[in-house]
Amino acid sequence: MTTSDSDFDSPGFVLAMLDWLEHREETPAAVDESLELLADRRRRLLLEVMRTYGEELTLPDAAEEVAVRETGRKVTELSAERVANVYISLYHDHMPRLVEADLIEYDQERDLVIPLEMR
């Protein structure tokens, strides 16, 4: 079930996260790094796509699926320019961060994004 942003209980969510973190042993730096990775919606969507499919995807296919989820439109309703913009931002910005954080792998020769679970 989706809710609008106005229905979201941001203070409640933040307090629940703080309660959850209180019982963990991660360092403040590790928490900050994790939250920074998750701060960008496009990165979260890419991770969500990779978890949903659970298998390697070509970067163009992953970009297409991220664009679908961002817009809520069918793939046939997306412009090639929109998908290309998502691809470029994933390739140059978001994927390198997720690869460096050891959350996904990227095979540049085959243009494949590989989820954490497949390593």
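What percentage of the 119 residues of the protein chain count as buried? The share is 27%, where buried means under 20% relative accessible area with a 1.4 Å probe, protein chains only. This is a predicted model, in which local features need pLDDT of at least 70, side-chain atom pairs count only at pLDDT 80 or more, and totals for chains, interfaces and linings use all residues. Residues are numbered from 1 along each chain as its sequence is written, and side-chain values use heavy atoms, with hydrogens and water left out.

**View 1. The protein chain has 5 helices and 3 strands.** Helices (H or I, at least four residues) and strands (E, at least two) are DSSP runs, numbered from the N terminus. Their order from the N terminus is α-α-α-β-α-α-β-β. The C-alpha trace spans about 45 × 35 × 20 Å along its principal axes.

**View 2. Helix α5 covers residues 80-100.** Its 21 residues reach 29 Å from first to last C-alpha, close to the 30 Å expected from 1.5 Å times one less than the number of residues. A kink of about 50 degrees is centred on Leu-90; the bend is the angle between axes fitted to the seven residues ending there and the seven starting there. Leu-90 is also one of the buried residues of α5, as are Val-86 and His-94. Cover for these buried residues includes α2 (28-38), α4 (59-71) and β2 (104-107).

**View 3. Strands β2 and β3 form a hairpin.** The two run antiparallel, joined by 4 bridges; strands pair if DSSP finds at least two bridges between them. Tyr-106 stands opposite Val-113 in β3. Among the 4 residues between the strands, Asp-111 has a positive phi near 55 degrees.

Methods:
Buried < 20%, exposed > 50% of the residue type's maximum accessible area, 1.4 Å probe, protein only. Contact = heavy atoms within 4.5 Å.
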